[in-house]
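Here are some notes to read alongside the structure, written for someone meeting it for the first time. Keep the view open and follow the points in order.

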Amino acid sequence: MMTVRIQIIIAVAVIIFIICLATLARKKSLDLKYILAWLLVALGVLVLDLIPGFMPWLSDVLGVFSPVNMVFFVGFIYLGIVVFALSVAISRQSVRMKKMIQEIALLRRELDESKQNKTH
Amino acid sequence: MKKIVIIPAYNESECILNTVEDIRNNAADFDFVVINDQSSDDTGEICRENNIPVINLPINLGIGGAVQTGYLYAFRNGYDVAVQFDGDGQHPASYLNSMYDALIENKADIVVGSRFIDSKGFQSTALRRFGIRYFTLLIKMITGKTVLDPTSGFRMVNRDTMKTFAYDYPRDFPEPETAVTVLKMGKRLIEMPVEMRVRQAGKSSIHLFKSVYYMIKVSLAIILEGSRRYDDR
């Protein structure tokens, strides 16, 4: 069971995190789709924090022995999904980057060639 | 017919001039271009000083990305034939003309210079040969065709295959995988006996501790490539 003190600490931490998210979103240094994913986490933690009876109820319904295990399990699954999505995103980026590097190299070659043709 | 030699080079300052000289002397009607894959030595400067056409990649792409840049260049500049040629002196330019004849006479889409038809010249180590035989077997199982030297980087292609490679080429360990690609597409692949030399300088891009990773990754790539569909192109 949680004490009121830890409940307040968690709530404050989550609110600071949400403020960070908002700042990053305004500066456009974090994509909106990732903001949504992390906002979901923050709100989830906040709900669990403010309604301490929710996790015991959910673990009981799903047949999980202890609410703490339930928290770890859900957290693990969620992080797994996030990391997997990032691998997909990185693969796509690397293909795009390769294309871009090749185009830049070919453009520089064209530039060299046209310079050479001028001097001749 | 416009023909071009693509020379991927990573830190080949010691032998790039010899390679180019070899092409000038033995295959004079081939154009050539060096793809400098962000070498940390002065490969790029040497090319510029000696008026060797060079494409300098701004970021290291690895052998596949470098070679693909060459195919893209060849395709956009209207070449009919392109040949991939190592910058480290392994491949003798004296074969280029007979390779070209083989491509035309057999109406082939790709000609692979193979070390293992006549088993002459540098044959690589026993372990590598074993690995290569395994790939030959795997490719045979998947495509039904025999490629004796699927890891050979000495390959000549016509414009059709050039286009395929220009748009899609694996980033690392490309040779066995693309052999499967062209066979799956129903293209005509032929092999020609070639005597390769021991590399003059530079190292093979495959180190010993990487070889297990290499075998697994290339096997997976071959199997995946085998499962792709290319609709009668």
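1. A word on terms comes before the tour. A residue is called buried when its relative accessible area is under 20%, exposed when that value is over 50%, and partly exposed in between. Please also keep in mind that this is a predicted model.

2. Let's begin with helix H7 of chain B. How many of the residues of H7(B) are buried? The count is 10 of the 11, so the helix is largely enclosed by the rest of the structure. The buried set runs through Pro174(B), Glu175(B), Pro176(B), Glu177(B), Thr178(B), Ala179(B), Val180(B), Thr181(B), Val182(B) and Leu183(B). After the helix comes Gly186(B), with a positive phi near 80 degrees.

3. Glu177(B) counts as buried because its relative accessibility is 15%, and the cut-off for buried is under 20%. Leaving aside residues up to four places away in sequence, Glu177(B) touches Pro170(B), Ala221(B) and Glu225(B). Gly226(B) is 49 residues from Glu177(B) in sequence, yet their C-alpha atoms are 9.1 Å apart in space.

4. Is Ser152(B) buried or exposed? With a relative accessibility of 1%, Ser152(B) counts as buried. A polar atom of its side chain lies 3.1 Å from the backbone nitrogen of Phe154(B). Beyond its sequence neighbours up to four places away, Ser152(B) touches Val112(B), Gly113(B), Arg115(B), Glu175(B) and Met196(B). One of these, Glu175(B), is among the buried residues of H7(B).

5. Now turn to strand S4 of chain B, residues 81-84. Val81(B) and Val83(B) point one way and Ala82(B) and Gln84(B) the other, and all are buried. S4(B) pairs with strand S1 (residues 3-9) of chain B in the parallel sense, over four bridges; here Gln84(B) is the bridge partner of Ile6(B). S4(B) also runs antiparallel to strand S6 (residues 155-158) of chain B, joined by four bridges, and Ala82(B) has Val157(B) as its bridge partner there.

6. The largest nonpolar core has 39 residues, and Tyr71(B), Ala82(B), Met162(B) and Leu189(B) have the most contacts inside it. Helix H3 (residues 62-76) of chain B supplies the largest share of this core, seven residues. A second, separate core of 32 residues includes Ile23(B), Val54(B), Tyr100(B) and Met196(B). Going back to Ala82(B), its contacts beyond four places in sequence are Ile4(B), Ile6(B), Tyr71(B), Ala74(B), Arg155(B), Met156(B), Val157(B) and Met162(B).

7. Where do the two chains meet? In the interface, 13 residues of chain A are in contact with 18 residues of chain B. The area buried between chain A and chain B is about 1400 Å², with carbon and sulfur atoms giving 55% of it. There are 10 residue pairs in polar contact across this interface, and the salt bridge count between the chains is one.

8. Which residues form that salt bridge? Glu103(A) and Arg76(B) do, with an N to O distance of 2.6 Å. The pair crosses from helix H3 of chain B to helix H4 (residues 67-119) of chain A. Arg76(B) is partly exposed at 44% relative accessible area, and Glu103(A) is partly exposed at 29%.

9. Over all chains, the whole structure has eight salt bridges. Among them is Glu113(A) with Arg109(A), whose closest N and O atoms are 3.0 Å apart. These two are four residues apart in H4(A), so about one helical turn separates them. Arg109(A) is buried, at 8% relative accessible area.

10. The last pair to visit is Lys3(B) and Asp29(B), a salt bridge with closest N and O atoms 2.9 Å apart. Lys3(B) lies in strand S1 and Asp29(B) in the loop between helix H1 (16-26) and strand S2 (31-36) of chain B, so the pair ties together parts that are 26 residues apart in sequence. Lys3(B) counts as buried at 7% relative accessibility, whereas Asp29(B) is partly exposed at 46%.

Methods. Residues are numbered from 1 along each chain as its sequence is written. Chains are lettered from A and ligands numbered from 1 in the order in which they are written. This is a predicted model: local features need pLDDT of at least 70, side-chain atom pairs count only at pLDDT 80 or more; totals for chains, interfaces and linings use all residues. Side-chain values use heavy atoms; hydrogens and water are left out. Buried means under 20% relative accessible area, exposed over 50%, partly exposed in between (1.4 Å probe, protein chains only). Two strands pair if DSSP finds at least two bridges between them. A nonpolar core is a set of buried Ala, Val, Leu, Ile, Met, Phe, Trp, Tyr and Cys residues joined through side-chain atoms within 4.5 Å. Contact means heavy atoms within 4.5 Å. Buried area is the accessible area (1.4 Å probe) that two parts lose on being put together, summed over both. A salt bridge is a side-chain nitrogen of Lys or Arg within 4 Å of a carboxyl oxygen of Asp or Glu. A polar contact is a pair of N or O atoms within 3.5 Å; within protein, one must be able to donate a hydrogen and the other to accept it, and residues adjacent in sequence count only if both atoms are side-chain atoms.
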